[in-house]
Amino acid sequence: MADNNNPGNFANRPKEEVQKIAQKGGEASHSGGFASMDADKQREIASMGGKASSGSFEPGSEKAKEAGRKGGQSS
């Protein structure tokens, strides 16, 4: 794997940087997101049933249908 230069791979980061990250002990690397919202905001978004998501596909598009088929085959 020496040829993998992905900076997201810890093996490719400086040892000091990896140690600094490890010292956080599982703390979130960012603040924000759904879990950090207040309960009322979470309920508001959850009640939309996924409609709040920007999504990856245009509803009804061929790509969406293909992804649905692939997902169905995997499960």
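Trainee: Where is Asp38 found?
Mentor: Asp38 is in the loop between α1 and α2 (39-46). Helices here are DSSP runs of H or I, at least four residues, and strands are runs of E, at least two, numbered from the N terminus. Keep in mind that this is a predicted model, where local features need pLDDT of at least 70, side-chain atom pairs count only at pLDDT 80 or more, and totals for chains, interfaces and linings use all residues. Residues are numbered from 1 along each chain as its sequence is written, and side-chain values use heavy atoms, with hydrogens and water left out.
Trainee: What does the side chain of Asp38 reach?
Mentor: The backbone nitrogen of Asp40, at 3.1 Å. A polar atom of the Asp38 side chain also lies 2.9 Å from the backbone nitrogen of Lys41.
Trainee: How many salt bridges does the structure hold?
Mentor: Three, counting a side-chain nitrogen of Lys or Arg within 4 Å of a carboxyl oxygen of Asp or Glu. One of them joins Arg43 and Asp40, at 2.7 Å from N to O.
Trainee: And how are Arg43 and Asp40 placed in helix α2?
Mentor: They sit about one helical turn from each other, because they are three residues apart. In general, an α-helix has 3.6 residues a turn, so residues three or four places apart point the same way.
Trainee: Are Arg43 and Asp40 buried or exposed?
Mentor: Both are exposed. That means over 50% relative accessible area, with buried under 20% and partly exposed in between (1.4 Å probe, protein chains only).
Trainee: Which residue does Glu62 form a salt bridge with?
Mentor: Lys65, with the closest N and O atoms 3.7 Å apart. Both lie in helix α3, three residues apart. Glu62 counts as exposed at 54% relative accessibility, while Lys65 is partly exposed at 42%.
Trainee: What about confidence, which element has the lowest mean pLDDT?
Mentor: Helix α3 (residues 62-74), at 77, whereas α2 has the highest, 86. The score is the predictor's confidence in each residue, from 0 to 100. The protein averages 75, and 71% of the residues score at least 70. Where pLDDT is low, the predicted coordinates should not be read in detail.

Definitions and conventions: Polar contact = N/O pair within 3.5 Å; in protein donor to acceptor, adjacent residues only side chain to side chain.
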